[in-house]
Every structure is written in C-alpha cells, then in structure tokens.
Amino acid sequence: MANDIQITKINVKIESDGLQEIVNKIYFKYTDDKEYIGIVGPPNPDSFIAYEDLTESQVVDWINVSEAIDNKCADNLSPICVLKDPPW
C-alpha cells in the first residue's frame, strides 16, 4: 500500500507543549489519483520525531487511508478544502 500513496503536502503545527513542527495533517494522493487528507493525532513526547528526521515510510505509516476516504465521502465527495487569500 505504501507505493499507492503519494504525499503531496504536510501541515505542521509550529509549537505545542515544548515540541516544534508537529505533523497534524498529511495531504496525499491515492490509487484513484484524488487528493485526501490524513489527520494525525497528538504526538507522544517520548517517541516524537523531529520534522527534519522524518522519513517517507514513517509518514505513510501514520495515514489511515480508509478513514481519509470515509471523511471525504462524508463531505459529499466534494474536493478537499483549499486555503485562499482574501479576494480584496
């Protein structure tokens, strides 16, 4: 399954509880070439891995594909949200 996932972006929380650059969302494409969002739970401070030390396989292991697909389906199969600048 790891070869079926292409990570496109990683959202990080800048700082929390003394930890920095905490991964909280993983944007990825799956076999259907649609983009999904994997939500990452709070980190365990005892096993926290610094962002710059992460490997692709570690991040892929955090993704729950079926949950991400279900969340997208619950959103009426609409495209994922995007961040946009104000129109003014």
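**Labels and their grounds**

Guide: The model is predicted. Strands E2 and E3 make a hairpin, with five residues between them. In the turn, Asp-33 has a positive phi of about 65°.

Visitor: How do you know that E2 and E3 pair?

Guide: Pairing takes at least two bridges. E2 and E3 have five, in the antiparallel sense, so they count as paired. One of the bridges links Phe-28 to its partner in E3, Tyr-36.

Visitor: What joins E1 to E2?

Guide: Nine bridges, again antiparallel. The threshold is at least two, so this is a pair as well. Glu-15 has Gln-20 in E2 as its bridge partner.

Visitor: Why are E1 and E3 called edge strands?

Guide: The open sheet has the order E1-E2-E3. Strands E1 (6-16) and E3 (35-39) each pair on one side only. From one strand to the next, the twist averages 30°.

Visitor: What makes up the largest nonpolar core?

Guide: It has 13 residues. Ile-5, Ile-26 and Phe-28 are among those with the most contacts inside it. E2 gives the largest share, three residues. Helices H1 (56-62) and H2 (65-74) each give two or more.

Visitor: What does Ile-5 contact beyond its neighbours within four places in sequence?

Guide: Phe-28, Lys-29, Tyr-30, Val-60, Ile-63 and Val-65. The cut-off for contact is heavy atoms within 4.5 Å.

Technical notes. Residues are numbered from 1 along each chain as its sequence is written. This is a predicted model: local features need pLDDT of at least 70, side-chain atom pairs count only at pLDDT 80 or more; totals for chains, interfaces and linings use all residues. Side-chain values use heavy atoms; hydrogens and water are left out. Helices (H or I, at least four residues) and strands (E, at least two) are DSSP runs, numbered from the N terminus. Axes are lines fitted to C-alpha atoms, for helices over the stretch in contact, and angles run from 0 to 180 degrees between N-to-C directions. A nonpolar core is a set of buried Ala, Val, Leu, Ile, Met, Phe, Trp, Tyr and Cys residues joined through side-chain atoms within 4.5 Å. Buried means under 20% relative accessible area, exposed over 50%, partly exposed in between (1.4 Å probe, protein chains only).
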